[in-house]
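Colleague: I have not looked at this one before. Can we go through it together?

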Amino acid sequence: MSTNFHNNRDALAGLLFMALGAIGFVVALSYPFGSLQEMGPGFFPRVLGVMLVGFGIATLIKGLRSGERVEGAWGWLPLLLLVASLVAFGWLMERFGLLPALVVLIVTSARAGKEFRWKETAVLTVVLCLMAVAIFVWGLGLPYSLFSFEPGH
Amino acid sequence: MDVISHLSLGFGVALTLQNLAYCFLGVLLGTLIGVLPGIGPLVTIAMLLPITFGLDPVSSLIMLAGIFYGAQYGGSTTAILVNMPGEASSAVTAIDGYQMARQGRAGPALAIAAVSSFVGGTISTLLVAFFGPLIGTWALEFGAAEYFSLMFMGLVFSAVLVHGDLVKSLAMVAAGLMLGIVGTDVTSGLPRFSFGLSELLDGVGFTVIAVGLFAVAEIVQNISRTEKVEVFSKDIKNLMPTWADMKAAWKPTLRGTALGSFFGALPGITASVASFSAYMLEKKLAKDPSRFGKGAIEGVAAPEAANNAAAQTHFIPTLILGIPASAVMALMLGALTMQGIQPGPEVMNSRPELFWGLVASMFVGNVLLLVLNLPLVGLWARLTQVPYRWLFPAIMMFAALGNYSLNNSAMDVYLCAATGILGYVMAKLECHPAPLILGFVLGPMLEENLRRALLMSDGSFAVFVTRPISLTFLVVTFGLFVAMVLPSVRRRRDLATGGDGTD
């Protein structure tokens with residue numbers, strides 16, 4: 001089986017590290033470097049950036065040599081749904097209150113699973129909402145309104 | 001004797017009705033959640049952290065510690081019954097524990113796990129009580145150079161001792177250090193990597209990273225997994241181990257305790273490394289090593305003792321030196337800092353009730369764990385059957401609300417989502433998150449101590465090798481590093497660190 005670049009495990013990891021290191025290094029260029037005696041705020045991130053790029057290059061080369069592939073399929077859809085459920089939660093929480101945010105969070109994340117049953121998810125949503133309100137609002141006394149309307153937050 | 005008077009002070013704190021109740025509640029909640037398949041101690045603590053915010057520092061620390069070993073024990077139960085350990089250190093227990101369960105011996109496996117955890121926990125707590133003060137006095141002499149070298153050692157250890165590619169693990173440490181920079185620089189007051197967002201001026205919260213890396217990324221992996229697991233929780237009839245079981249288990253338990261206590265006291269070495277080495281040691285000492293992997297009771301007793309022993313001695317570097325030994329300890333440390341307590345060698349003198357109260361509560365917690373677990377084993381076993389499709393939306397709910405409640409801001413939830421993406425991609429590329437998270441935690445302290453050491457030495461790196469304690473740490477680091485890079489040891493290391501070190 002041939003390994004393409006897009007499923008070469010270590011080559012991708014190397015690129016990821018190189019990107020992280022490069023971003024860190026470039027952003028840190030605007031911070032004073034200082035000297036060894038008096039390290040400025042730019043010293044540590046720039047050194048780390050160089051190290052990360054170095055480790056990244058080594059990993060990239062190793063990947064191109066060995067050609068090891070990423071194991072298993074990527075689960076982009078479940079990842080997308082879970083991330084979307086969190087983002088939706090944060091957005092709704094600040095505008096429409098706790099309950100709408102929770103309902104969207106729970107239903108969206110449940111949708112990420114392999115088996116999804118509407119009735120079961122409905123029961124789960126009610127139970128979890130009750131639990132959340134009982135623990136966080138009544139128990140811990142956090143000042144969250146169950147419903148609110150501030151679309152322009 | 002000093003220790004006795006300290007311990008009696010501690011028990012005075014731990015045995016008040018209030019703290020006893022929090023310890024009990026912590027152990028109960030920790031086990032309850034830790035026993036759910038796929039949820040490890042780190043995620044359990046991160047989810048339950050907000051509950052402890054309203055308590056006074058001593059009670060909240062006692063409760064968090066209770067949650068921690070409750071979750072750890074719960075994870076072992078799941079490992080034995082479902083072969084789905086929520087954390088790497090229980091992964092070892094799963095090897096032989098699950099086989100015992102398949103042979104209809106789930107009861108004795110669970111009982112031996114409980115008893116050896118208890119023995120490991122109790123003995124290592126005694127060690128903490130005896131050696132804690134000594135190490136505390138010694139640590140008072142530590143300057144910036146010593147702290148830097150010690151943290152450097154911890155970071156290298158965490159990278160070297162995790163399963164998989166060494167360069168990638170080192171890169172993960174560097175990536176974690178880089179993430180730790182986000183926020184306002186202590187010395188210059190300059191905001192770094194904040195990209196103009198005021199929410200980032202205080203840096204990224206630890207729970208945000210922990211939940212993103214370990215809860216969100218983990219759920220995606222669990223959902224995408226295809227194989228079905230057999231659960232053996234219906235046939236727990238007899239808990240009582242046979243006489244032969246106990247005879248076979250007591251020496252491994254003591255050896256596991258010794259290994260676990262030692263490893264737990266070193267920063268950067270996670271409980272999973274301790275339990276794997278305990279397992280490998282037993283396999284080596286056994287007359288018939290081929291029994292391992294087929295339901296050997298030693299394979300349950302030794303790693304469980306080591307795991308729990310390490311969990312207690314982890315508090316030495318964390319509380320006494322202020323250097324969290326693992327990701328879980330970083331959460332505890334974060335909780336303490338939020339309560340306005342700066343851990344370090346001074347804590348023992350300035351807040352004796354905190355340190356000794358915690359030590360005493362570890363004894364209490366271990367007793368509670370035993371008392372709670374043996375009779376409730378049937379209930380825990382039933383909990384392991386909760387379908388995962390009900391669990392992960394619940395984890396997501398706690399993740400979202402827990403992160404939101406930190407600063408009452410949606411930014412933490414968005415950051416957690418972003419960390420989840422990063423964590424999933426890294427996990428797929430076989431980059432382990434444990435070194436990253438330790439780097440993230442130690443980053444700010446590492447930079448600060450490096451800066452202070454170089455300021456005092458006028459920019460000369462000689463300061464790290466001319467001071468004997470600092471030199472010792474660096475020599476040990478270098479020695480381990482060289483040893484692990486040698487091919488013959490490398491092969492053994494791959495065997496010994498088969499887990500992913502997520503605790």
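Colleague: Does F195(B) count as buried or exposed, and why?

Modeller: F195(B) counts as exposed, because it has 8 C-beta neighbours inside 10 Å. Keep in mind that this is a predicted model.

Colleague: Where is F195(B) found?

Modeller: F195(B) lies in the loop between strand 2 and helix 9 of chain B. Its phi is positive, near 50 degrees, and it is not a glycine. Most residues other than glycine have a negative phi.

Colleague: What about F193(B), buried or exposed?

Modeller: F193(B) counts as buried, because 20 C-beta neighbours lie inside 10 Å; the cut-off for buried is 20 or more. F193(B) is in the loop between strand 2 (191-192) and helix 9 (206-224) of chain B, and its phi is also positive, near 50 degrees.

Colleague: Which residue follows helix 17 of chain B?

Modeller: N408(B), with a positive phi near 50 degrees. Helix 17 itself covers residues 388-407 of chain B and reaches 30 Å from first C-alpha to last, close to the 28 Å expected.

Colleague: Switching to the two chains, how many residues are in contact?

Modeller: 56 residues of chain A are in contact with 52 residues of chain B.

Colleague: Which helix of chain A gives the most?

Modeller: Helix 3, with 12 residues. The residues on that side of chain A divide into 39 nonpolar, 12 polar and five charged.

Colleague: And what domains does chain A have?

Modeller: The assignment gives domain 1 (5-66) and domain 2 (76-139). Their centres, taken over C-alpha atoms, are separated by 37 Å.

Notes: Residues numbered from 1 in each chain as written. Chains lettered and ligands numbered in written order. Predicted model: local features only at pLDDT ≥ 70, side-chain atom pairs only at ≥ 80, totals over all residues. Contact = placed C-beta atoms within 7 Å. Helix = DSSP H or I, 4+ residues; strand = E, 2+ residues; numbered from the N terminus. Nonpolar A, V, L, I, M, F, W, Y, C, P; charged D, E, K, R; others polar. Domains from an automatic or database assignment. Expected span 1.5 Å × (residues − 1). Buried ≥ 20, exposed ≤ 12 C-beta atoms within 10 Å, placed from the backbone.
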